[in-house]
Amino acid sequence: MAAEFVRACRERAEARRNEWAKAHFSFAANSFVAMALNLDQIRAVAERVAASHGLDVVEVEYQGGSKHRILRVFIEKNPEGRAKLAEAAKTGDPEAALPSGVEIDKLAGITHEDCQQFSQDFGTVLDVEELVPGADYSLEVSSPGLDRQLYGEPDYRRFAGSLVKLQTFEPVAGNRHWQGRLTEVKEHFLVLDLSAVKQRGKSKKKDSANVTVEIEFANIEKANLVPEF
């Protein structure tokens, strides 16, 4: 079965995702057989390729039906790479200049070249091993952005002290939508300081009584950082 991959690079700038560079790369493939993806296998390959470039995989997402499928991979510099960026920023290196009010550890530190090199190598593995067989699909590679999604306890601990917004599966104090500063990360739950932002909806009436709220990890449906400038 013949397969043709056309690789194209496109950069997109977004106001809330304005890190040094944000790039997306698209791969198109044609095939006559549609098969289910093994995301665990794909992530393992992505992590191996990323590690060879001093990068970490933040998340791998798959969306779409049989004809219009998108595989998204979010990457960032590994801790050593971010530490180097922090040192470069301290020396006044213009290439390491940070957005105003943004801490180095909250940035992915990803450049156009990082995305290009990773996508080329990862795309080659997808091609050779046929990890994404089937009809037309696209592969997008980018940084997670300043409003990045948080994936579990390790992220909560890394970004402690940041403003976050989250949605729960089940209501907490009658509300499923919360926004506040992540002040504590315990064994099974996190603590939000609600006084850091103006609350909306049902939680607004509780501001004066409840300065903080505890939310269990298992009850968090989605959480994102809130950029501060």
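1. In this predicted model, the contact between α1 and α3 is made by Ile42, Val45, Ala46, Arg48, Val49 and Ala50 on the α1 side. On the α3 side the residues are Phe118, Asp121, Phe122, Val125 and Glu129. Sorted by class, this contact holds 8 nonpolar residues, 3 charged ones and no polar ones.

2. How are the two helices set against each other? Helix α1 covers residues 39-51 and helix α3 covers residues 112-129; they pack at an angle of about 140°, and their axes are 10 Å apart. Angles over 145 degrees would count as roughly antiparallel, so α1 and α3 are classed as oblique to each other. Their crossing is right-handed.

3. An open sheet is formed by 3 strands in the order β3-β4-β5, with mixed pairing. The edge positions are taken by β3 (55-64) and β5 (137-142), each of which has a single partner strand, so one side of each has no neighbour in the sheet. On average, neighbouring strands here are turned by 15° against each other, with direction ignored.

4. Within that sheet, β4 (residues 69-77) and β5 run parallel and are joined by 6 bridges.

5. Helix α2 (residues 79-90) touches β3 and β4, and its direction makes about 55° with that of β4. Helix α1 also lies across β3 and β4, running at about 145° to β3.

6. The chain has 229 residues, of which 43% count as buried. Among contacts with a separation of 6 or more, 65% are between residues 24 or more positions apart.

7. Val197 gives an example of a loop residue that is buried. It is found in the loop between β8 (189-193) and β9 (212-216). Its relative accessibility is 16%, and the limit for buried is under 20%, so Val197 falls in that class. Leaving aside neighbours within four places in sequence, Val197 is in contact with Leu163, Gln179 and Gly180. Val197 and Leu163 are 34 residues apart in sequence, with their C-alpha atoms 8.6 Å apart.

8. Lys165 is found in strand β6 (residues 163-172). At 35% relative accessibility, Lys165 counts as partly exposed. The C-alpha atoms of Lys165 and Leu225 are separated by 6.5 Å, although the two residues are 60 residues apart along the chain.

9. Two backbone angles should be noted. Most residues other than glycine have a negative phi. Glu130, however, has a positive phi, near 50°. This residue is found in the loop between α3 and β5 and is exposed, with a relative accessible area of 56%.

10. Ala173 also has a positive phi, near 55°. Where does Ala173 lie? Ala173 is in the loop between β6 and β7 (175-185). With 43% relative accessibility, Ala173 counts as partly exposed.

Conventions. Residues numbered from 1 in each chain as written. Predicted model: local features only at pLDDT ≥ 70, side-chain atom pairs only at ≥ 80, totals over all residues. Heavy atoms only, no water. Axes fitted to C-alpha atoms, helices over the stretch in contact; angles between N-to-C directions. Helix = DSSP H or I, 4+ residues; strand = E, 2+ residues; numbered from the N terminus. Parallel < 35°, antiparallel > 145°, perpendicular 65-115°, else oblique. Left-handed = near helix turned anticlockwise from the far one by under 90°. Contact = heavy atoms within 4.5 Å. Nonpolar A, V, L, I, M, F, W, Y, C, P; charged D, E, K, R; others polar. Pairing = 2+ DSSP bridges. Buried < 20%, exposed > 50% of the residue type's maximum accessible area, 1.4 Å probe, protein only.
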